[in-house]
Amino acid sequence: MILSLLAAAIQSGTPVLYATLGEIFTERSGILNLGVEGMMMVGALAGFLAAKATGSPALGFLAGGLCGALIAGIHAGVCLVFLGNQVVSGLAVTILGVNLANYLGTPYVGQRAPGFDPFPLPLLSKLPFFGPVFFNHDILVYISFCIPVLMWVFFRYTRWGLGVRAVGENPEAVSAAGLPVAGYRWAGVLVGGFFSGLGGAYLSLAYTHLWSKGLSAGRGWIAVALVIFAFWRPGRAVLGAYLFGGVMAFQLRLQAMGTNLPSSLLLMLPYGLTVLVLVASSFKKHGTEAPAILGINLEPPD
Amino acid sequence: MGLILCFWVAVGAAKDLQVGFIYVSPTGDAGWSYSHDLGRQAVEKLDDVKTSFVEAVPEGPDSERVMLNMARKNYDVIFATSYGYMDPMLKVAKQFPKIVFMHCSGYKQAKNMGNYFGRIYQARYLAGMVAGAMTKSNTLGYVAAFPIPEVIRGINAYALGAQAVNPDVQVRVVWTKTWYDPATEKEAAKSLLDVGADVIAQHQDSPSPQEAAAEKGVYSVGYHSDMSSFAPKAHLTAPVWNWSPYYVKIIEQVRNGTWKSGSVWPGLEDGIVDLAPFGPMVPKAVQEKVLAKKEAIKAGKFKVFSGPIKDQKGTLKVAAGASMPDKDIFGMTWFVQGVIGTTQ
Amino acid sequence: MFPFEVKRRQVPLRWGTCLIFMAVIFLSLGVGAILLAFQGKPPVRGILLLFKGAFGSRWALEDCLVKAIPIFLCSLGVALAFRLQIWNIGAEGQFALGTVGATFMALSFPDLPKALLLPAMLAGAMIAGGLWGFIPAFLKILLRTNEIIVTLMLNYIGILILDYLVYGPWKDPVSFGFPMTKEFSPGAVIGMIGGTRINWGILLCLLFAVLIWVFFRYSRLGYELKAGGENPRAARYAGMPFNGLVILVMVAGGALAACAGFIEVSANLNRLQPSIMVGYGYTAIVVAWLARLSPFYIGIAAYLLSGLRVGVENIQLDLQVPAAFGGILEGLILLMVLAAGFFTQYRIRIRSAT
């Protein structure tokens with residue numbers, strides 16, 4: 001029973017993980033992009049439609065990411081070119097993305113698309129505890145295991161990763177070094193949007209094989225919160241995403257087991273947990289600062 | 001002069017009947033609104049009838065405005081397909097006495113406003129019989145949306161049907177608090193599978209609980225429409241709506257001038273509810289038993305909520321030999337014995 | 001790099017707000033028309049239907065006003081916080097708590113006369129909403145917790161609280177088990193003005209609008225708020241009570257959204273049920289930004305955006321356009337306002353060869 005709960009936590013947390021990792025990337029470059037929910041919904045629809053049209057879930061997944069990046073590009077344009085307020089722009093992108101996905105997706109509600117099915121890894125899925133929990137999922141989950149590691153390596157050891165981080169902490173230094181500040185920032189937003197789109201596509205291609213109006217159900221916002229919980233580090237994001245996925249899966253299992261608690265109260269658990277998690281994060285002092293220029297637009301040089 | 005008058009009358013008589021529909025959710029959901037929309041499409045096919053609809057209208061003042069809009073555009077018949085539209089519809093009906101208003105699932109009436117609903121619980125009972133016969137673990141899972149009477153009623157009928165063929169059966173209920181959210185519904189189904197359910201039924205509008213059951217290799221019961229295309233190996237049957245004949249009937253009545261207000265609650269005998277075709281895995285013997293029961297219900301010989309019925313606590317709610325009056329069925333807020341879950 | 005350079009203006013472009021308004025609305029409708037065409041619907045007729053549905057008749061104008069009332073109040077509250085650069089996304093949840101507070105009073109004291117019960121409901125709503133605004137403010141000043149996330153999560157939790165009450169303790173015994181409270185007694189209902197469908201809640205709108213205008217123009221705290229928003233660090237050095245201001249704007253914002261909830265539940269619905277939540281809190285954000293946080297323009301923008309909502313119902317009816325169309329336009333409008341703000345703050349010049 002516990003094993004299946006843990007496995008469900010991982011599956012349920014995977015879309016949030018993709019989105020959280022994407023948002024970490026964006027925020028590390030100094031941009032706050034609150035449009036994750038919108039990007040996820042658009043990614044979900046795009047992935048669904050692409051998979052339906054081409055018959056290939058993999059292409060669908062990719063398409064989801066690309067469309068997420070496209071929507072993120074709107075945010076980048078408004079904030080980086082037109083110096084719009086990043087908070088409000090992110091909200092606008094959410095409103096636009098969610099409604100655009102609903103509008104264009106209306107004819108497709110209730111239809112199926114080819115998707116990803118669980119694919120137990122040959123030897124690993126037979127391991128006593130880790131097998132059923134970690135290695136009995138679809139391939140997108142396995143990919144999501146690798147991404148935090150790759151991201152960590154990227155930020156720590158590659159020149160581009162250092163550039164992205166630097167641009168989020170001290171853009172003057174980066175510009176003085178002759179590196180393209182705007183380029184890094186654009187990359188930050190677009191890559192983040194790509195991953196958020198992937199997270200959305202996961203929902204419509206793997207978690208279910210359907211498209212619906214409220215598919216992401218607030219997961220994008222949870223991702224934004226988890227970025228803070230993760231202290232902008234990919235490793236901790238994994239913990240947060242699975243914790244959150246676990247709570248969502250848990251309250252349903254509690255009902256199945258036969259509880260007398262009203263379901264409205266149980267449904268509050270994920271959101272309440274997010275608040276608690278945020279509050280707890282505020283206590284840790286050292287090494288948890290947000291990137292220095294997060295949310296601040298760079299004035300054009302005089 | 002007389003010629004012009006004749007022309008005028010002729011034009012008036014040939015005027016299309018304008019029929020409006022208000023849905024509480026999008027029509028593409030393969031669920032509640034979808035089944036009503038199928039009915040609307042049947043009406044659209046009639047001669048001299050034009051239909052239109054507004055979907056995803058929140059209950060309350062928004063719905064009142066939509067109905068007023070239709071009324072001011074001189075629609076002739078307006079159908080509202082959710083309980084929460086009742087009070088707004090009554091307000092509008094009073095202002096436009098020449099328009100026929102039909103409200104689904106409510107009870108308030110006026111001279112030009114009637115109610116209608118369907119006894120889908122009869123089909124649920126039959127589906128329960130199938131599930132009870134097919135289960136091996138004696139645990140039936142039920143993914144339900146909101147704890148409102150029609151859902152509770154459906155669960156109870158399902159449980160009673162299952163218990164009729166298999167007295168040890170239990171029904172476990174998980175509330176998703178949404179009509180259409182495939183991700184949550186699938187997770188809810190999985191959590192029921194985890195506690196040992198081997199038939200998953202649903203009062204939801206998306207087919208994802210069927211998907212979950214199929215993935216685990218167990219059975220499922222659909223809803224609203226035949227969901228077997230989503231889970232061919234798992235789908236046993238489904239209670240389905242069939243509003244088309246009823247809607248066509250209402251339109252004919254309005255056209256003939258024979259329409260009268262009232263409260264109707266037809267069931268299997270009128271074809272407004274039905275059972276989807278059985279999946280290939282259901283044994284002939286079970287099919288025959290269920291079909292026999294269906295005939296009995298249609299003929300009025302058997303009533304689903306006939307005693308003895310006890311609630312979850314063991315209190316006798318309906319005595320042996322008696323049958324629950326419609327009023328109590330309509331406002332059911334408790335579970336029968338054998339159902340595990342809260343009604344909140 | 002680019003052939004032109006961007007310089008900040010010394011003085012923002014005059015008539016900026018008006019120009020932006022019109023350009024933005026025009027452009028958004030244009031994109032909307034393209035989207036309609038994309039779905040195979042007649043674009044021009046669609047946009048015309050939108051206008052006709054929103055402003056084409058006396059009833060429509062009234063309906064827009066009725067809908068604008070809650071949007072206006074929520075937006076006033078949101079704008080207060082935004083001035084201080086406190087991002088209050090929680091208007092939706094504060095609205096929900098407002099309905100809960102008002103309903104609590106209505107159900108507890110149904111026999112009180114209108115003159116007593118209505119103010120009690122208003123008070124109940126504003127206390128509940130104020131509390132809901134206080135929580136994120138408190139967490140922010142104490143622990144520097146990000147108010148965007150907290151207010152957002154409280155939205156979901158607030159709506160679930162409403163659900164819980166309406167499915168459970170407050171469920172109407174005579175409504176056959178459907179999730180709604182008892183119908184309110186006559187004393188709990190805000191009446192309509194004359195024969196129109198506009199309720200007296202509009203007076204509250206005017207009252208609060210005036211109060212806020214006076215607050216910003218004539219009070220010291222109002223001045224500090226404006227200054228604190230523009231430059232928090234300098235404000236703190238100057239000894240302004242920044243923390244106190246945070247609490248003030250969040251509690252006031254919560255109370256205002258709650259007041260909107262009170263008016264909706266009392267005048268338009270006459271009972272509490274989950275379908276009262278239609279997203280006013282989020283539209284309020286678009287309105288506040290479109291109006292550049294000024295109460296006067298908030299009034300106009302609220303009316304326009306409520307017109308959008310009403311008009312969209314008309315397109316739905318006649319052209320079967322999906323309901324999300326209105327939301328797309330809202331998102332577009334907001335994005336364009338943001339982009340257009342650029343042109344009032346900065347000027348573009350061709351880079352002279354030097």
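This report covers the chains of a predicted model, their folds and the contacts between them.

## Basis

Residues count from 1 along each chain as its sequence is written, while chains are lettered from A and ligands numbered from 1 in the order in which they are written. The model is predicted: local features need pLDDT of at least 70, side-chain atom pairs count only at pLDDT 80 or more, and totals for chains, interfaces and linings use all residues.

## Chain A

Chain A has twelve helices and zero strands. Helices (H or I, at least four residues) and strands (E, at least two) are DSSP runs, numbered from the N terminus. Along the sequence the pattern reads α-α-α-α-α-α-α-α-α-α-α-α. The C-alpha atoms of chain A fill a box of roughly 65 × 45 × 40 Å along the principal axes. For 302 residues, a compact globule would have a radius of gyration near 19 Å; chain A has 19 Å, which agrees. That radius is taken over C-alpha atoms, and the globule rule is 2.2 Å times the number of residues to the power 0.38.

Of the 302 residues of chain A, 60% are buried. Buried means that 20 or more other C-beta atoms lie within 10 Å of the residue's own; exposed means 12 or fewer, partly exposed is in between, and C-beta atoms are placed from the backbone. Helix α4(A), residues 86-105, is mostly covered, with 19 of its 20 residues buried. At 1.5 Å a residue, α4(A) should span 28 Å, and its end C-alpha atoms are 28 Å apart, which agrees. The expected span is 1.5 Å times one less than the number of residues. Among contacts in chain A between residues at least 6 apart in sequence, 79% join residues at least 24 apart. A contact requires C-beta atoms, placed from the backbone, within 7 Å.

## Chain B: overall build

For its 344 residues, a compact globule would have a radius of gyration near 20 Å; chain B has 21 Å, which agrees. Buried residues make up 58% of the 344 in chain B. Among its contacts between residues at least 6 apart in sequence, 64% join residues at least 24 apart.

Chain B has a domain 1 (16-116 + 242-270) and a domain 2 (120-238 + 276-340). These bounds come from an automatic or database domain assignment. The domain centres, taken over C-alpha atoms, are 28 Å apart. Twelve residues of domain 1 are in contact with 14 residues of domain 2. The domain 1 side divides into five nonpolar, five polar and two charged residues. Here Ala, Val, Leu, Ile, Met, Phe, Trp, Tyr, Cys and Pro count as nonpolar, Asp, Glu, Lys and Arg as charged, and the others, Gly among them, as polar.

## Chain B: strands

Strand β5(B), residues 113-116, is covered on both faces. B:Met113 and B:Asn115 are buried on one side, B:Gly114 and B:Tyr116 on the other. Strand β4(B), residues 100-104, runs parallel to β5(B), joined by four bridges. B:Met102 has B:Gly114 as its bridge partner. β5(B) also pairs in the parallel sense with β12(B), residues 263-264, over two bridges. There, B:Tyr116 has B:Val264 as its partner. Strands pair if DSSP finds at least two bridges between them.

Six strands of chain B form an open parallel sheet in the order β10-β9-β8-β6-β7-β16. The edges are β10 (235-237) and β16 (339-340), each pairing on one side only. Strand β7(B), residues 170-175, and β16(B) pair in the parallel sense over two bridges. One of the links has B:Ile340 as the bridge partner of B:Arg172.

## Chain C and its partners

Chain C places 37 residues in contact with 39 residues of chain A. β1 (4-8), α5 (114-143), α6 (147-167), α11 (280-290) and α13 (325-345) of chain C each supply at least two residues of that side. The largest share, twelve residues, comes from α13(C). By class, the chain C side has 27 nonpolar, six polar and four charged residues.

Towards chain B, 22 residues of chain C are in contact with 27 residues of chain B. α3 (58-83), α10 (242-269) and α12 (295-319) of chain C each supply at least two residues of that side. α12(C) gives the most, with six residues. The chain C residues that touch chain B divide into eleven nonpolar, eight polar and three charged.

Terms used: Contact = placed C-beta atoms within 7 Å.
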